Each structure stands twice: as structure tokens, then as C-alpha cells.
Amino acid sequence: MVHIRNIALPDFPLLLAPMEDVSDPPFRAVCKQGGADLMYTEFISSEGLIRAAAKSRQKLDVFDYERPIGIQLFGSDVNTMGECARISTEAGPDLIDINYGCPVKQVACRGAGAALLRDIPKMVEMTSAVVKATHLPVTVKTRLGWDETTKNVEEVAERLQDIGIEALTVHGRTRVQMYKGEADWRLIAAIKNNPRIKIPIFGNGDIDSPQKAVEYKNRYGVDGVMIGRAAIGYPWIFREVKHYNATGELLAPPTVEERVQACRMHFEKSLEWKGPRAGVFEMRRHYAQYFRGLEGARQWRSRLVESNDPLEIHAIMDEIIAAEPVLVG
């Protein structure tokens, strides 16, 4: 098993990446059902949490069926991050995660997320403040470095382990790369093979199939992998990876009925957590992914997106099952 202090995970655990405007409780519910072993909230702004901004506070919602679940924080001020760790601890997660990897301009150009890769002493100070502010395990997600000339994640791993983090996830790109090009896992492997490193090391980047997950496990020796975009509209990715890792065989793709059931569960959880108006509106971004590759998918998506009536949306989903569309791509 893989342990993050008192959190026991299976061998080669599969983590759901924290994705802004995606990894909310409704989405996490379907991914947990699909086999995710450890999940995280959407990243939460420390400044927003201190101001008690409604959106930031709502992101603290965690539920027992999600466990183990981590709350992920980002920010640029050391003291504020420490205070937010205390606030987040009161919400009852299993761990606190710090985001040192977000590359988007609104975050990195304000001195948070991946920007801390340019100021390792501040990163160490901030991480120490978070570790001291909570009794929960603290983990970190980061990138290889700011750019090709400053790939400093090996130093980051050692220094953050030394001040008390209990697991590290590394995305195999620099901040400058954003999400372009191919993720490079060689430095992730170097961290895992470093005899000084005793904490679990998880790899992230480009895991979009069971074959690739197991290939990267064997090639780079990571303790587990984090899956992000490949899980959007396809929570079965987790069970497929587990089955392939155990047997070397691929599972059949989900049936039309399974696709509709997962989409319906996601939709119902969205209504429960966000309310009928926001729940209907924010679910629209997911339909195309759930029904991707099905014959007539475009027309089903159009009808679902155009409807504001939950009963009508359920009826359309029933029609999809009844139509028995074939998988064409």
C-alpha cells in the first residue's frame, strides 16, 4: 500500500487532479464511483477564503463518500496561506494540498501557483507555514520548473520533504509550456529514484489511457498517477487503468446506458449542490464529453444544452438510452 501518513491508499493509487471549474463535488462523485482513490477540491484562493468570498467558501464543501479528500490552496502571501490552512482544516478534509503548479496568468502573474518555482525560499517558507498551521498531512503539487532553463523540481522535492510535506505530485511540464507539448517524466523518475526521498511521488501529465498509465508506472517507477483532463466526461478511466494494471487486458468501453447513468448522476448532484439554475447551466460543459463518439452525439448535446428544465433533461437522457446509438468514434 501507499501511505500519506495515516491515509492508506492501494498499490499504484489513481488520483483525480484538482481542476478549476471542473473538480467540484458533483464531478468528484462520478469519479469516485469510477474508481478514483484520492481526490482534491478545485484550488481555493487563500485571499478569497480570507475575505470569506462565497465561491471560495463553497469550495470547502467535502462529503464523507469522497474520502480520502484533500483541500487544495493557492496564494502568494505566507501568513494568509497559514491562516487558510487553519480554516480549511476545520472543514474536515483528510489532507491539505498546496498548488505550486497552476500556470494560468491570473494566478502565476500574481505570485501564486507556478510563480513560486521562481522563489524557492518563499515556497519553503510558505509550505512551512501551512505544515505548522494544521494537524493534517500536507502535500504539494508542482511542475518541473518555470522554464527549460530553471527545472528545479529535484531541489524543491528535497527541501519540501525536509520541512514536512508527506507526498508530492509533479506535472511533467514547465510553467512556460502550460499544457502544450509532451509531458517529460524523466525528472519525476529522478525524484523517485533519489535515495533521500522517502515520501510518495505521483506523476501527472498526458495520462489518457490505461496503457500509458501502466507504461509510465513501469518506466518511471512512480507510486501512482494523477489523472485530469482524461477523466472529464469519462470517469471510467480509473476502473480501466486498474483492470489493465491487474490483468494486462482492456475493459470494454462503457455502454450507452452506463454513459447516461453517469451523466444523470452528475446532473442530479449538480442540482443538489448548486441549485436548479446554476446546476442546469454549469452541467452544460460536460454533455459533449459524456456522449463523445456516439452516433448522433451532436444533436443530443444540442438538445441538452438548450433545455433549462431538469425534467426535460432527464427525458432526453431516457431517449438516448432508448435510441441505442452505436459508438462511431
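The largest nonpolar core of this predicted model has 101 residues. A nonpolar core is a set of buried Ala, Val, Leu, Ile, Met, Phe, Trp, Tyr and Cys residues joined through side-chain atoms within 4.5 Å. Buried means under 20% relative accessible area, exposed over 50%, and partly exposed in between, with a 1.4 Å probe and protein chains only. Within this core, Leu-16, Phe-27, Leu-73, Trp-185, Ile-227, Phe-238 and Phe-291 touch the most other members. Apart from it lies another core, of 5 residues, including Phe-43, Cys-102, Val-107 and Ala-112.

Residues are numbered from 1 along each chain as its sequence is written, and side-chain values use heavy atoms, with hydrogens and water left out. As the model is predicted, local features need pLDDT of at least 70 and side-chain atom pairs count only at pLDDT 80 or more, while totals for chains, interfaces and linings use all residues.

Leu-73 can be followed through its contacts (heavy atoms within 4.5 Å). Leaving aside neighbours within four places in sequence, Leu-73 is in contact with Ile-44, Leu-49, Met-81, Cys-84, Ala-85, Ser-88, Ile-96, Asp-97, Ile-98 and Asn-99. One of these, Cys-84, counts as buried because its relative accessibility is 0%. Its sulfur is 16 Å from the closest cysteine sulfur, in Cys-102, which is too far for a bond. Cys-31 is also buried, at 0% relative accessibility, and its sulfur is 13 Å from the closest cysteine sulfur, in Cys-263, again too far for a bond. The structure holds 0 disulfides, a disulfide being a pair of cysteine sulfur atoms within 2.5 Å.

Next come the helices and strands, which are DSSP runs numbered from the N terminus (helices are H or I with at least four residues, strands are E with at least two). In helix 7 (residues 153-162), Val-153, Val-156, Ala-157, Leu-160 and Gln-161 are buried. They lie on the same side of helix 7, because they cover an arc of only 120° around the axis; the arc is that of the directions from the helix axis to the C-beta atoms. An α-helix has 3.6 residues a turn, so residues three or four places apart point the same way. The buried residues of helix 7 pack against strand 7 (95-100), helix 6 (120-133), strand 8 (138-143), strand 9 (168-171) and helix 8 (186-193). After helix 7 comes Gly-164, with a positive phi near 120°.

The structure also holds 7 aromatic pairs. Rings of Phe, Tyr and Trp (its six-membered ring) pair if their centres lie within 6.5 Å; planes under 30 degrees apart count as stacked, over 60 as edge-to-face and the rest as tilted. Trp-185 and Tyr-220 have ring centres 5.9 Å apart and planes at 35°, so this pair is tilted. Trp-185 lies in the loop between strand 9 and helix 8 and Tyr-220 in helix 9 (residues 210-220), so the pair ties together parts that are 35 residues apart in sequence.

The charged end of Arg-118 sits over the ring of Trp-146, 4.2 Å from its centre. Lys-217 lies over the face of Phe-12, at 5.3 Å from the ring centre.

How values were computed
Lys NZ or Arg CZ within 6 Å of the ring centre and 35° of its normal.
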